[in-house]
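Please keep the sequence and the coordinates at hand while reading.

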Amino acid sequence: METADLAARQAADLAAQQTTDLRTRKATDLRARKATELARGATDWMIEHGSSADDLSLYHGLAGIVLALQESAEHFGDERYVRAVEAGADALAAGVDQEEGSSLYGGLAGVAAVLRAVGRPDPAREALHRVRSRFDGQRWNEMFELLVGNAGIGLGALAAGDLELAVAAVTPYLSTADRTAGGVNWPVRPSPPRSHHIAHGTLGIVYALAAIGQAADRQDLIDLALAGAADVVHRNEAGPDGFLVPHSDPPHRPELIERYSLGWCNGPAGDAQVFRLLEQVTGDVSWAELGDRCWHTVTQSGLPRRVRPGFWDNHGRCCGTAGVLALACDRIVERGDDFDFADVLVDDLAKHAVVDEAGVRWSNYEYRESPPDLAPVAGWAMGNAGIVRELLRYARLKDGGFGGYSVPWPDHLSVGVVS
């Protein structure tokens, strides 16, 4: 009887485990399907509402939309999306001689990178020719960082296949670095504040120096990148387990900009992307440990809940949920993380999606505006384009597929490269 009872209990335990496994698989399948459905609906909405060539930029405009359309075309194999990519690329190529900006996120450096990525090398070269002609040997404009200045232009040139221009863009950082208590930083704008993160600050410059230094076999650029990273690490205020650095010192526009952020642009979700690159460039696992500390701070912060006004009001790639999802998926591939936090992020994107016959889109929230719900947009930074790329990547990973993108982003290290 005891043997029979034991066998019965084991059979019951096995059946219960199989039921649990089946439910887990079904939940996984449901999330992957939901993410895919949202991405398809968001792509459809983006085609109808984001095809204007008035703004060519990678940040808000057509260049970022074209890369998202390319992601959907590769994922779905839908000829509508292929045609939309071609039409977008035509518009980008036609607009090269009219675009006055040179930057990665607001001008021709970003346009060139996208044109090359979608198989338009001739207009890409023309765009870079125009970027080069506007360079005075030191900079392109009063900003001196990644989003608008030299660092981003260097990364755009690198992505577009012009290593010589990329090196020229970052060389001025060698003679303009200021020594600090922890390392070095740079004057990134005409006013005194020194910003610290990837979009407008030291870590964006670090990323460009490290990526271009590695491509050009320039140890001096890599060494300067490490000195810049050391400055930011020195400013950590989250203790030995976390990583959280203020936006800027002295505070830049404190009446508008919060002292601490968590997203890609000015927080640990973006800081960790720089640390991923530095581990790949140097082989030093301490950068991976810093990335873990960034992730600890992000996952313990309460996001994506809106825990207070202004805390987490954006769903997009630049400073919202999609940017955190990008890092979550990087970590699933490279660090062996589970899907738990990525699932939370995708569930939140699903919860806040506007879904109707027109398609899918997201409305960000600005508590200081009236009404606070902002109009949905199609672009990469705050809208559909940035979210679509991350939802499709998540869905592929959830189904056991490829963990990267059809086209890498200029300042986002491709997965699988980090040791």
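At what angle do helix 13 and helix 14 pack, and how far apart are their axes? In this predicted model, helix 13 and helix 14 (residues 340-352) pack at about 150°, and their axes are 9 Å apart. Helix 13 is therefore roughly antiparallel to helix 14. Axes here are lines fitted to C-alpha atoms, for helices over the stretch in contact, with angles from 0 to 180 degrees between N-to-C directions. Angles under 35 degrees count as roughly parallel, over 145 as roughly antiparallel, 65 to 115 as roughly perpendicular, and the rest as oblique. Helices (H or I, at least four residues) and strands (E, at least two) are DSSP runs numbered from the N terminus.

The crossing of helix 13 and helix 14 is left-handed; a crossing has this hand if the near helix is turned anticlockwise from the far one by less than a right angle, and is right-handed if clockwise. On the side of helix 13, the contact (heavy atoms within 4.5 Å) is made by Thr321, Val324, Leu325, Ala328 and Ile332. Helix 14 contributes Phe341, Ala342, Leu345, Val346, Asp348 and Leu349. By class, the residues of this contact of helix 13 with helix 14 are 9 nonpolar, 1 polar and 1 charged. In this classification Ala, Val, Leu, Ile, Met, Phe, Trp, Tyr, Cys and Pro count as nonpolar, Asp, Glu, Lys and Arg as charged, and the others, Gly among them, as polar.

Residues are numbered from 1 along each chain as its sequence is written, and side-chain values use heavy atoms, with hydrogens and water left out. Local features need a pLDDT of at least 70 and side-chain atom pairs count only at pLDDT 80 or more, while totals for chains, interfaces and linings use all residues. The pLDDT is the predictor's confidence in each residue, from 0 to 100. Its mean over the protein is 94, and 92% of the residues reach 70 or more. Confidence is lowest in helix 1 (residues 2-49), with a mean of 74, and highest in helix 9 (residues 202-216), at 99.

A second pair consists of helix 4 (residues 108-117) and helix 5 (residues 121-133), whose axes come within 8 Å and cross at roughly 160°. Helix 4 and helix 5 are therefore roughly antiparallel to each other, and helix 4 passes helix 5 in a left-handed crossing. From helix 4, Leu108, Ala109, Ala112, Leu115 and Arg116 meet Pro123, Ala124, Ala127, Leu128, Arg130 and Val131 of helix 5. The contact of helix 4 with helix 5 has 9 nonpolar, no polar and 2 charged residues.

Leu163, Ala166, Val167 and Val170 of helix 7 meet Ala208, Leu209, Ile212, Ala215 and Ala216 of helix 9. This contact of helix 7 with helix 9 comprises 9 nonpolar, no polar and no charged residues.

The backbone of the loops also deserves attention. Most residues other than glycine have a negative phi, and most peptide bonds are trans. The bond joining Asp249 and Pro250 is cis, with omega about -15°, and Pro250 is found in the loop between strand 4 and helix 11. That loop also holds Arg253, which has a positive phi of about 50° although it is not a glycine. With a relative accessible area of 44%, Arg253 is partly exposed; buried means under 20%, exposed over 50%, and partly exposed in between (1.4 Å probe, protein chains only). His252, in the loop between strand 4 (248-249) and helix 11 (268-282), counts as buried at 18% relative accessibility. Leaving aside neighbours within four places in sequence, His252 is in contact with Arg189, Ser191, Pro193, His247 and Ile257.

Elsewhere, the peptide bond from Leu303 to Pro304 is cis, with omega near 10°. Asp217, in the loop between helix 9 and helix 10 (219-234), has a positive phi of about 55° although it is not a glycine. Asp217 is exposed, with a relative accessible area of 69%.
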